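Please open the model in your viewer and keep a selection panel at hand.

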Amino acid sequence: DQGALQEALADVVVRHESLRTVFRDHDDTPYQQVLDGEVARPALKVRPVSHDQLDETVASAVRHLFDLSTEIPLRAELLALGPQEHILTLVLHHIAADGWSLEPLWRDLATAYEARLLGAHPKWDALPVQYADYTLWQRDRLAQALEPQLDYWKRTLEGLPERIELPTDRPHPAMASYRGETHTFHWDAELHRGLVELARTGGATVFMVVHAALVALLHRSGAGEDIPIGSPIAGRTDEALDELVGFFVNTLVLRTDVSGDPTFLELLARVREVDLDAYAHQDVPFEYLVETLNPARALSHHPLFQTMLAWQNTTGARLGLPGLTAASVPAGTATARMDLVFSIAEHPEGGLDGQVEFSTDTFDRATVASLTTRLGRLLTAVMADPELPVGELDLLDERERRLTLVEWNDTTREQPTAGLAELFEARAALTPDVPAVVCQDTELTYAELNSRANRLAHLLMGKGAGPERVVALKLPRSAEMVVAILAVLKSGAAYLPVDPGYPAERIAYMLDDTRPVLVLDQPLATEDQPDTNPVVTGRHPAQPAYVVYTSGSTGRPKGVAMPSGALANLLAWHGKVLPVAPGTRTAQFSALSFDVSVQEILSTVLSGKTLVIPSDDIRYSPELLADWLERHRVNELFAPNLVIDALCEAALANGHALPALREVVQAGEPLTLSPHMSEFFRQVPGRRLHNNYGPSETHVVTAHTLPEDVAAWSTPAIGTPVDNIRAYVLDERLRPVGIGVTGELYLAGAGLARGYVRRPALTAGRFVASPFDAGERMYRTGDLARWCADGELRFVRRADDQVKVRGFRIEPGEIEAVLAEHPDVSRALVSVHEGQRLVAHVTTGRPDPQLAAALREFARTRLPEFMVPAAVVVLDAFPLTANGKLDRTALPAPEFASTSRAARSEEERLLCELFGEVLDTTVGADDSFFDMGGHSLLATRLMSRIKAVLGVELGVRALFEAPTPAALAGRLHGGMAMDALGVLLPLRTAGSRPPLFCVHPAAGISWPYAGLLGHIAPGRPVYGLQARGLTGAQPPAAAIEEMAADYLAQIRTVQPSGPYHLLGWSFGGLVAHSIATRLEAEGEEVGLLAVLDSFPPARRPGEELPELGRNDILALLFEEITGYDRGQPGEKDLSPEELTELIRGQSGARADLLLEQDVLTRVIGLFMRVPELLDAFVPQRFGGELTLFTAEESAAEWPSDDPRRSPEAWLPHVGGGVRVHPVPVRHEHMLKPEALSLIGPLLNAALERR
């Protein structure tokens, strides 16, 4: 009865105010308005549909976008499939209803429908409250509970990862589309019963068991050890709310620590505690929590968590309308709120029904299905043995295990039995007259090459070359270089390539490490040697063929010894992938010290091809290289990605199609496909691009050939294992991970090096026993990879290449790809500058001074803010190493330099220094924090520093509103706090080096030392020590010795043991000296004792101090503390009030604090007590050196016959002498910028020497 249904819907809307509430705004202030029942009557749209149209019609209905300012949040539509069959769609906006609302909603609708069928109004009890009543009650409750609950969440979520790493199929886009799909699953009654029993054992609920299992699954899938998961909670804490339709649900952040490899029961206990604590603090609305915590926001993902677990424990709406048979019909919205939302319900008949809503931005359905399967497998495992450590849970089924360990590693093929020398000799005999090597004007046939190599081999053998020996080849690129390589192999020795252009120190290290029998650095006379193939006894495939050096993490290069058998296996596979064609010409592009050169040279001369050697000038110029390749009709090229990319661009620009170039092999770097690379390969049908992968310790172990149809190119895989090589993707326990899960790549089989020359410990650490092949080793690559469903491997990143900025884990390649989309960018490289800011280096063919700024704006349109580079460096070309690989060390540093005006006031100057400290650059008064590379995390750090130094708590919002030092200086007034008057004043807390502790002058304040921060190396913390008594909470010290003991105790709260670095200005120099003597007496090391124009006390008997009025004291104090210059004209005759106002105007917020009457009285009191302290102080002797900075202008005013202000005055009190640095300023100005520009670098240098 459509009419009855229409009236019933209206009855329900009248009953529940939440269903007739609209949300409007007035003067940009939102408010809610409850409409009258007649005005809010919902329309019931009725339309006929066929069964074929049903799914799309329902999908369209549920995707309706509400205009909440004019529409009530309920929309109804009746779809008529026939006279006796209808579909009723009720679409509710989440602002007005939650999952619990569906039961009272449907119950009320059924009651109203039954009444309307009889022509009556529904008779139901009045609701005890409406949603508006709940909101008022919630507001009152929050007024009482908010602060303690908010404190709990602040503590609990401190340091929360901004985004956990999930096993996604694609990286997150810059802006989430919120498109999604759902995957359903079911766990049977047996598993359900087991989970109930496990929950009972752990004193938990079934939800907690599933929560713990999901945490374990994400942890094992690469999410780390800190796993936040969102979970909705009903929020209906009063029975009066049970019958109400409304949005009561809240979202809790359940953060679980999985560190230490707990057993599942231990993890369940952690989860239980987390969940119960969260339930006890459930009143803080999630939106308010996000607003308060203010996490770094991104449009790409949900804040605080990206995975949700919802436990559907509602009883479910009982579908029943009088005279009708009703059943629920699932309707997906094709949306996803976040990456993954697991919704699980306990089935009334036993079992668990589950659904995963997933973002199609990042996940494929097959991956999500695999995750749910693994989750079920994990639960089954822990149900059987809950004492299993989480790290030992087996998540793979037998099919995955067999695929990843056996089938995809089924690479066993027959290996060559002949040695490398024999293979070459056989080739030379087969094709003696074919050109073997061409280098400029030199051309050698195979017969000539074999003859020369034979004679040199006999000579080398006469000098001691043979198996298990090494011959160093320090030769330029030439035909003689190829002769030498073959000669060494014929002798049975291994060759060590030594680039003549290497620094002498590196060459010396390599030779000392490898201890070759001789170094061949020029052609030798071999005419008297026999031209016969040498006979070498004792050859074995395990003996090394070459040694190449690769960089080491310790800074010492390490030599990799590659067996000849491994090399023969590689070359046999190579011959099948790149078959020989008559006249094939191969470029010898790679440097001899790069292991790809071995593949280039030997694959050519063992197969009858011609090796063509370009000069270095040609190798380093893409344009010249393209010309050379065309002129020499080269068919095969081996080169790193960067060289290939630059070559393609140059060839296209100069009209070189290079039709002869048929095979291009990329190795040594991850392959990235640029538009000009695609266009270059598209020009010549049949030209192939090969992506080879393999570290120096294995040479090539996997390979992938891209489709000949360039249109079919996608992100290239590193492929499948080559012949007789096995690849394993393993977790930290050396167990295989599932398909799609990132793990570390291990390699086994015929391609492994023997190890590192003379580095047994390092060899043992990287070449480990294989758990899958008895008696064999695996090489641990340090590369992260994953198996794809098609059996190919994809390189993910170096284990240490992923960067983390502002808590976000970032793939630089993602940013590089975006920048490369700009039409003026040829190539992009992104790195992290000193751990905190992203920097992009780009190459362009169209220089433009505005390009760097344009690229940052371009990136902002495609990337989240935290992924936008803080600086872009534009280059003509990337610097390359001798091997043609990117030389990262030669990339120019980014400039974050200021171009704005200097600070006009001390307030601005200090802020410029603090801005500069946080941003690690020079900042002008009008420079915007964000334009200089700042971001929200650095903004938080800056606000923290401002609070530490000035005691002003402004909040990050102030920086967004006033982003320059000049603008922010105006916000400082009125925000001072007593933190700035504490004894230990943290000026810079970050850094791992021993801190510098700076002791206050006579006024007791250490603020001026903030000016040093721009000169002291960033890795060194700096603290000020201030007089006790500034706050009035405790009395000041009665003697300098007491002061020194107090300050030493404060120092040790930061640095328990030495070496200690101390600095003091004026009176503070004496205190610093006293601290140093005390430390020395206690057996501690003092690294540096430095003083600024400070001298031992020596007031002569009867010598009177000048009398000072209040104006004089104010001027002295504020000259010392704030930088106010009492020597400025026109200020000597000011009244105290006028002087105070002048100081306030020049010094801002710092002066405001000191000019408070109580504070000023205490500061003056401390100042006036200094003569008494000095008279009672007798300096002890310090055994070390004293660094003394003297104020030359003040020294010039001192009588020349009075030694008390001379460096010699210190000699009785120091044992290591006095190092003097004159500074051309007055005593009062020792910490002004002009003085610090001299003092700071000298002080920093002295610290660095300690």
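Begin by selecting Asn569, which is buried, since its relative accessible area is 3%, and the cut-off for that term is under 20%. The model under view is a predicted one. Asn569 sits in helix α15, which covers residues 564-577. Next, display the side chain of Asn569 together with Asp723: a polar atom of that side chain lies 3.0 Å from the backbone oxygen of Asp723. Which residues are in contact with Asn569, once its neighbours within four places in sequence are left aside? They are Gln415, Pro416, Asp723, Asn724 and Ala750.

**The whole chain**

Zoom out before the next stop. The chain contains 34 helices and 43 strands. Of its 1250 residues, 55% count as buried. Among contacts between residues at least 6 apart in sequence, 73% join residues at least 24 apart.

Select residues 688-693, which form strand β23; six of its six residues are buried. In a regular strand, side chains alternate between the two faces of the sheet. Colour Arg688, His690 and Asn692 as one side of β23 and Leu689, Asn691 and Tyr693 as the other; both faces are covered.

Remain in β23 and select Asn691. Asn691 counts as buried because its relative accessible area is 3%, below the 20% limit. A polar atom of the Asn691 side chain lies 2.9 Å from the backbone oxygen of Ala717. Apart from neighbours within four places in sequence, the contacts of Asn691 include Gln666, Leu671, Thr702, Ala703 and His704. Leu706, Pro716, Ala717 and Ile718 are also in contact with Asn691.

**Helix α10**

Move to residues 398-405, helix α10, and show the side chains of Glu400, Leu403, Thr404 and Leu405, which are its buried residues. What covers them? Among the covering elements are α9 (365-384), β26 (725-730) and β30 (777-787). At the start of α10, look for Asp397, where a side-chain oxygen reaches to within 3.2 Å of the backbone nitrogen of Arg399.

**Gly743**

Select Gly743 in strand β27, residues 743-749. Is Gly743 buried or exposed? Gly743 is buried, as its relative accessible area is 6%. Draw a distance between the C-alpha atoms of Gly743 and Val729: they are 14 residues apart along the chain and separated by 5.3 Å. With neighbours within four places in sequence set aside, Gly743 is in contact with Val729, Leu730, Val737, Asp783, Leu784 and Ala785.

**Pro995**

Continue to Pro995, in the loop between β37 (984-988) and β38 (996-999). Pro995 is buried, with a relative accessible area of 7%. Although Pro995 and Val1022 are 27 residues apart along the chain, their C-alpha atoms are separated by 5.5 Å. Beyond its neighbours within four places in sequence, Pro995 is in contact with Arg1020, Pro1021, Tyr1023, Val1054, Gln1055 and His1061.

In soluble globular proteins, nonpolar side chains tend to be buried together. Select Ile1075 and Leu1243, which have the most contacts inside the largest nonpolar core, a set of 89 residues. Helix α29 (residues 1067-1081) supplies the largest share of this core, seven residues. At least three residues of the core come from each of domain 4 (906-973) and domain 5 (984-1248).

Which residues surround Leu1243 in terms of contact, leaving aside its neighbours within four places in sequence? Display Leu996, Leu1012, Ile1016, Leu1063, Leu1088, Ala1090 and Phe1189, each of which is in contact with Leu1243.

Key
Residues numbered from 1 in each chain as written. Predicted model: local features only at pLDDT ≥ 70, side-chain atom pairs only at ≥ 80, totals over all residues. Heavy atoms only, no water. Core = buried A, V, L, I, M, F, W, Y, C linked by side-chain atoms within 4.5 Å. Buried < 20%, exposed > 50% of the residue type's maximum accessible area, 1.4 Å probe, protein only. Helix = DSSP H or I, 4+ residues; strand = E, 2+ residues; numbered from the N terminus. Domains from an automatic or database assignment. Contact = heavy atoms within 4.5 Å. Polar contact = N/O pair within 3.5 Å; in protein donor to acceptor, adjacent residues only side chain to side chain.
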